[in-house]
Amino acid sequence: MTFPEPGARPEGHTRWSRLAWVMVPTLVVSALLLVGIGSGILPVSLAVTAQSMTISGQNLEITADRLEGTGFTQYVATDQSKSRTYPEAIAGIDSADLYNLCQSMVVKLPVVGETTLRIGAGGGGKPAHADHLVVHTDDLGGDAVFHNIVIGQDASTFKNGSGDLAGLFGQSADTVRIDHLRQSTREVKAATFRLTGLHLSVKAGDKPC
């Protein structure tokens, strides 16, 4: 019977310390991807319904050089997390193009600490596109132009509006354009969200859009 020399690593065995170093970044990226999908910022297709959901309460930062949309509606309502209720402006756009879109979220991960998931898309004159986009926001800035706007409309009378919105103050417009868009949101939904020229990065630290 022969024995391995002292210090030699037996073949077919795993060096667990090396595997741990390989797995850490993989697990970090996987966790951030799950956070991104749950927050609606990855290019997934989903059916938009009026059904409410329990939100995480974390803020997603969104910026774009320009947003152009048709079929705009907006009303004020609330979102619910497991511990808090948040007042929000709920904006819907039937069809939206976003130029030089940036989306970012800062999360705290074990061991790593603050980490920024950042997604860019819609550059080079080829905008990102969303169908039936719904955004819940508590802060929005930019230079906006609305065509055929109506302010003070009962939100239940919107196209595809429901009786649950009766009495809520709303506004609507045929088209909307917002230049230098900057927005903080807790929830985003879309029937389809196409991110042209997608680039995802994960970096340590607080580095939002």
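This is a chat about the protein shown above.

Colleague: Hi! What kind of model is this, and how are the residues numbered?

Modeller: It is a predicted model, where local features need pLDDT of at least 70, side-chain atom pairs count only at pLDDT 80 or more, and totals for chains, interfaces and linings use all residues. Residues are numbered from 1 along each chain as its sequence is written, and side-chain values use heavy atoms, with hydrogens and water left out.

Colleague: Thanks. How many helices and strands does the protein have?

Modeller: There is 1 helix, and there are 9 strands. These are DSSP runs numbered from the N terminus: helices are H or I with at least four residues, strands are E with at least two. Along the sequence the pattern reads α-β-β-β-β-β-β-β-β-β.

Colleague: Which strand does β1 pair with, and in what sense?

Modeller: Strand β1 (residues 60-80) pairs with strand β2 (residues 85-99) in the antiparallel sense, over 14 bridges. Two strands pair if DSSP finds at least two bridges between them. A hairpin through 4 residues joins β1 to β2, and leucine 67 has leucine 98 in β2 as its bridge partner.

Colleague: And how many bridges join β2 to β5?

Modeller: Strand β2 is joined to strand β5 (residues 128-147) by 9 bridges, and these two run antiparallel. Alanine 96 stands opposite alanine 130 in β5.

Colleague: New topic. Which cysteines does the disulfide join?

Modeller: The structure holds 1 disulfide, and it joins cysteine 102 to cysteine 209 with an S to S distance of 1.9 Å. To count, the two cysteine sulfur atoms must be within 2.5 Å. Cysteine 102 lies in strand β3 (residues 101-109) and cysteine 209 in the segment after β9 (199-204), so the pair ties together parts that are 107 residues apart in sequence.

Colleague: Why is the disulfide called left-handed?

Modeller: Because the torsion about the S-S bond of cysteine 102 and cysteine 209 is about -85°.

Colleague: Are those cysteines buried or exposed?

Modeller: Cysteine 102 is buried, with a relative accessible area of 9%, and cysteine 209 is buried at 15%. Buried means under 20% relative accessible area, exposed means over 50%, and partly exposed is in between (1.4 Å probe, protein chains only). Of the 209 residues in the protein, 36% are buried.

Colleague: How many aromatic pairs turn up?

Modeller: A search of the whole structure finds 1 aromatic pair. Phenylalanine 72 and phenylalanine 146 form this tilted pair, 5.3 Å centre to centre with 50° between the planes. Rings of Phe, Tyr and Trp (its six-membered ring) pair if their centres lie within 6.5 Å; planes under 30 degrees apart count as stacked, over 60 as edge-to-face and the rest as tilted.

Colleague: Where do the two phenylalanines lie?

Modeller: Phenylalanine 72 lies in strand β1 and phenylalanine 146 in strand β5, so the pair ties together parts that are 74 residues apart in sequence. Phenylalanine 72 counts as buried at 7% relative accessibility, while phenylalanine 146 counts as partly exposed at 30%.

Colleague: Let's look at serine 172. What does it touch?

Modeller: Not counting residues up to four places away in sequence, serine 172 touches Phe72, Thr73, Asn148, Ile149, Val150, Gln153 and Phe158. Contact means heavy atoms within 4.5 Å. Serine 172 lies in strand β7 (residues 169-189) and counts as buried at 15% relative accessibility.

Colleague: Which side chain makes a polar contact with serine 172?

Modeller: That of glutamine 153, in a polar contact of 2.8 Å. A polar contact is a pair of N or O atoms within 3.5 Å; within protein, one must be able to donate a hydrogen and the other to accept it, and residues adjacent in sequence count only if both atoms are side-chain atoms.

Colleague: Last one: where is aspartate 138 found, and which residues does it touch?

Modeller: Aspartate 138 is found in strand β5 and is partly exposed, with a relative accessible area of 38%. Leaving out residues up to four places away in sequence, aspartate 138 touches Asn59, Pro87, Glu88, Ser184 and Arg186. Its side chain also makes a polar contact of 3.1 Å with the side chain of arginine 186.
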